[in-house]
Amino acid sequence: MVSVKDKIVLITGASSGIGASCAHFFAEAGAKLILAARRFDRLEQLGAQLEEKFGTSTHLLALDVRDRVSVASTLSDLPDSWAAIDILVNNAGLSRGLNKLHEGNIDDWEEMIDANVKGLLYVTRAIVPGMVDRACGHVINIGSIAGRAAYPGGNVYCASKAAVRAISDGLKQDLIGTPVRVTEVEPGLVETEFSIVRFHGDRDRATTVYQDLTPLTPDDIADVVLYCATRPPHVNISEVLVVPVDQANATLVHRHR
Ligand code: NDP
Ligand code: 8X3
């Protein structure tokens, strides 16, 4: 196992769910954290918590990954002491809606594609050149079981996560000959704010997604992300699918009714 102590880890979408859990796991392991998201107040709370609990140094970024200019300038203007990022966790993302494709809301499509695909690309493009120059780095993309097969109403979200899978595979190929590692972690059902966001704030509908089964927790995923990051330098975990015991694939879920 390799230590992440004093490594610089950038986590996008750190204000909630899987990203916030990753922040806790890396903080406990002694890493220094750059935490990015749009809700800066949440990052401030998280940063204060991690400092108090683990003595973690944090650098907070109010960042909308869809904003290409802002991503480029924010990440190129990092203070020198934060610029040499060792691990990038591309986690920021969302789903919007569960409509049939031919009835879908085009604004929802734009938001998913802009954040899940283009945003991930913008951040990766800004960070990976430094990793290559320093001959050191690890990109961990949060994909989804939804990227392996579409499900009814999942259409554009599934496409965006299929893109994350292809981008992760392509990046691994493009980095051959460098020591930079690439991992894609593909969670199944994880209870976070994901479904509340998907259903535009309808908490009752969001709750039904996880009803009568035991979903994963964001900590379950953060644990896997940290595991991938702490393998010896010659080991690249390329892809990990993590599902609850109650889930076989994107459409087959066992509910205890
Ligand atoms: P949450 O809604 O709890 O967290 C999503 C995070 O992404 C928030 O921190 C949010 O921050 C951030 N985010 C969303 N849009 C943007 C944006 N435009 N710019 C910057 N940050 C953004 O959901 P999860 O923790 O579940 O989701 C995290 C990732 O995991 C996503 O990529 C999701 O697709 C993936 N995933 C989730 C699964 C699940 O079942 N929950 C399963 C498989 C994958 P803010 O709003 O403050 O900007
Ligand atoms: C989130 C998992 O199955 O709700 O990516 O799409 S699912």
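These are my notebook entries on a predicted model of one chain and its two ligands.

**Ground rules**

Residues are numbered from 1 along each chain as its sequence is written, and chains are lettered from A and ligands numbered from 1 in the order written. Because the model is predicted, local features need pLDDT of at least 70 and side-chain atom pairs count only at pLDDT 80 or more, while totals for chains, interfaces and linings use all residues; side-chain values use heavy atoms, without hydrogens and water.

**Entry: the chain**

I looked up the secondary structure and found nine helices and seven strands. Helices (H or I, at least four residues) and strands (E, at least two) are DSSP runs, numbered from the N terminus. The radius of gyration is 18 Å, close to the 18 Å that the globule rule gives for 257 residues, so the chain is as compact as a globular protein of that length. That radius is taken over C-alpha atoms, and the rule is 2.2 Å times the number of residues to the power 0.38. The C-alpha trace spans about 50 × 35 × 35 Å along its principal axes.

**Entry: ligand 1**

I listed the residues around ligand 1 and got 29. Near here means that a heavy atom of the residue lies within 4 Å. The closest are Ser 15, Ser 16, Arg 38, Tyr 157 and Thr 192. Helix H1 (17-28), helix H6 (155-174) and helix H7 (194-198) each supply at least two residues of this shell. I sorted the shell by class: 13 nonpolar, ten polar and six charged. Ala, Val, Leu, Ile, Met, Phe, Trp, Tyr, Cys and Pro count as nonpolar, Asp, Glu, Lys and Arg as charged, and the others, Gly among them, as polar.

Next I checked polar contacts (pairs of N or O atoms within 3.5 Å). The side chain of Tyr 157 has an N or O atom 2.7 Å from an oxygen atom of ligand 1. For Gly 13, a backbone N or O atom is 2.9 Å from a ligand oxygen. Arg 66 has a side-chain N or O atom 3.5 Å from a nitrogen atom of ligand 1. Taken alone, ligand 1 exposes 870 Å², and the protein buries 96% of that. Accessible areas come from the Shrake-Rupley method with a 1.4 Å probe.

**Entry: ligand 2**

Which residues are around ligand 2? I found Ser 144, Ile 145, Ala 146, Tyr 151, Tyr 157 and Phe 194. Five are nonpolar, one is polar and none is charged. A polar side-chain atom of Ser 144 lies 2.5 Å from an oxygen atom of ligand 2. For Tyr 151, I read 2.5 Å from a polar side-chain atom to a ligand oxygen. Tyr 157 has a side-chain N or O atom 2.5 Å from an oxygen atom of ligand 2. Alone, ligand 2 exposes 240 Å², of which the protein buries 88%.

**Entry: cavities**

How many cavities of 30 Å³ or more are there? I counted two. On a 1 Å grid over the protein atoms alone, a cavity is a set of points where a 1.4 Å probe fits but cannot get out, and lining residues have an atom within 4 Å of a point. Grid points are joined across faces, edges and corners, and a volume is the space filled by probe spheres set on the points.

The largest cavity holds about 70 Å³. Its lining has 13 residues, with Arg 96, Gly 97, Asn 99, Trp 109 and Asn 155 nearest the centre. H5 gives the most to this lining, three residues. The second largest cavity has a volume of about 30 Å³. Its lining has five nonpolar, four polar and no charged residues.

Conventions
Polar contact = N/O pair within 3.5 Å; in protein donor to acceptor, adjacent residues only side chain to side chain. 1 Å grid on protein atoms, 1.4 Å probe; cavity = no way out; pocket = protein on both sides within 12 Å on 5 of 7 lines; lining within 4 Å.
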